[in-house]
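Colleague: I have some questions about the words used for this model. Could you take me through them?

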Amino acid sequence: MNRQSDWQPLEITAESAGVPATPAGLMEFISDSGRIDEMLVREKALVFRGFGVDTDTLDPVMDGLLPNRLAYVHGNSPRTKVGSNVYTSTEYPSELTISMHNELSYAHAWPSRLLFFAAQEPTTGGATPVVDGVAWLEGLAPEVREAFAGGVRYVQNLHGGRGLGKSWQDTFETSDRGEVETFLKGTEAEWEWLRDGGLRVTQVRPSTVRHPVTGVEVWFNQSDQWHPAALGDDMAAELAQILPEEELPQSVRFADGSPIPDEYVVQVRDKGLEAAVDVDWHTGDLLLIDNVLVGHGRRPFTGPRRILVAMSD
């Protein structure tokens, strides 16, 4: 792991765990769920390395670390479902950096844990950076934290089968409008079906949350990822030429509807990446993170990188 801050994930090997360097050894270590719970809250992220886990032995390990594996419903990033609530990591071009974020922080409910598995390490690069949410919040200028204190308003325009971004069918893993409405009724979101068959979802969410166990306050929103300015000047200009803000696949403003200054979201993006610690992948590695205490992203890479992800409440 490339250390870039005072905090870093705890690496657990067969030697440090006192068990055989096999999938069965790992299962023995994680069988004490109370110990894993305590370690994860204390350390915020755990890397399990050198246990020889592969795709054939992955499921029971996931079951042990994720008590209730969740579907990626209402997720906004492109993924492929490859198993029982197991997905590929975000399928963005390999040359791009994915900025720091907490999974589904824009949603009414989010997973408490994420588990990443390296089915195939990349040829070069491709680390998963992780950031302490407390450090991320403290790294922001006081005027930025104050401006975000009232929360943020997210808008999703999900097409009905053809268009930019994700369809509502992929997003909610169903083609039944009734199922989508039933889901949304429990999320405090506003929504409307559009004439072209698409769906617009509007949600007001907090910019920070407190951890349910430790009580610490962390930065917890995806305003920078939903704001065109964080994509870079060229990309933002291209999007502005194609679509007005209200028709973008996703956009964000402050909760009161006022625009978020470009420089604020750029600062949020950059401070998160600056405070991050890179977890470099070796085939068979697993990374378990507390999704409230820790944000994650992705570094550019070359080669056939394949990282699988699952989540639980």
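Colleague: Which residues does Thr55 touch, not counting residues up to four places away in sequence?

Modeller: Thr55 touches Phe117 and Ala119. Contact here means heavy atoms within 4.5 Å. The C-alpha atoms of Thr55 and Phe117 are separated by 9.0 Å, and the two residues are 62 residues apart along the chain. One caution: this is a predicted model, where local features need pLDDT of at least 70, side-chain atom pairs count only at pLDDT 80 or more, and totals for chains, interfaces and linings use all residues. Residues are numbered from 1 along each chain as its sequence is written, and side-chain values use heavy atoms, with hydrogens and water left out.

Colleague: Where does Thr55 lie? And why does Thr55 count as exposed?

Modeller: Thr55 lies in the loop between strand 2 (45-48) and helix 4 (58-65). Helices (H or I, at least four residues) and strands (E, at least two) are DSSP runs, numbered from the N terminus. Buried means under 20% relative accessible area, exposed over 50%, and partly exposed in between, with a 1.4 Å probe and protein chains only. Thr55 has 53% relative accessibility, so Thr55 counts as exposed.

Colleague: What makes Pro244 partly exposed?

Modeller: Its relative accessibility is 34%, so Pro244 falls in the partly exposed class. Pro244 sits in the loop between helix 10 (233-242) and strand 14 (250-254).

Colleague: Is Asn85 buried or exposed? And Glu188, buried or exposed?

Modeller: Asn85 has a relative accessible area of 16%, so Asn85 is buried. Asn85 lies in the loop between strand 3 (81-83) and strand 4 (86-88). Glu188 has 65% relative accessibility, so Glu188 counts as exposed. Its place is the loop between helix 8 (177-185) and strand 10 (190-193).

Colleague: Why is helix 2 called roughly perpendicular to helix 3?

Modeller: Helix 2 (residues 23-30) and helix 3 (residues 33-43) pack at an angle of about 80 degrees, with their axes 7 Å apart. Axes are lines fitted to C-alpha atoms, for helices over the stretch in contact, and angles run from 0 to 180 degrees between N-to-C directions. Under 35 degrees counts as roughly parallel, over 145 as roughly antiparallel, 65 to 115 as roughly perpendicular and the rest as oblique. That makes helix 2 roughly perpendicular to helix 3. Glu28, Phe29 and Ile30 of helix 2 meet Ser33, Arg35, Ile36 and Met39 of helix 3.

Colleague: How many cavities of 30 Å³ or more are there, and what makes a space a cavity?

Modeller: The count comes to one. On a 1 Å grid over the protein atoms alone, a cavity is a set of points where a 1.4 Å probe fits but cannot get out; a pocket is an open set with protein on both sides within 12 Å along at least five of seven lines, and lining residues have an atom within 4 Å of a point. Grid points are joined across faces, edges and corners, and a volume is the space filled by probe spheres set on the points. The largest cavity holds about 110 Å³. Its lining has 13 residues, and the closest to its centre are Ser89, Thr90, Phe116, His296 and Gly297. Strand 17 gives the most to this lining, with three residues.
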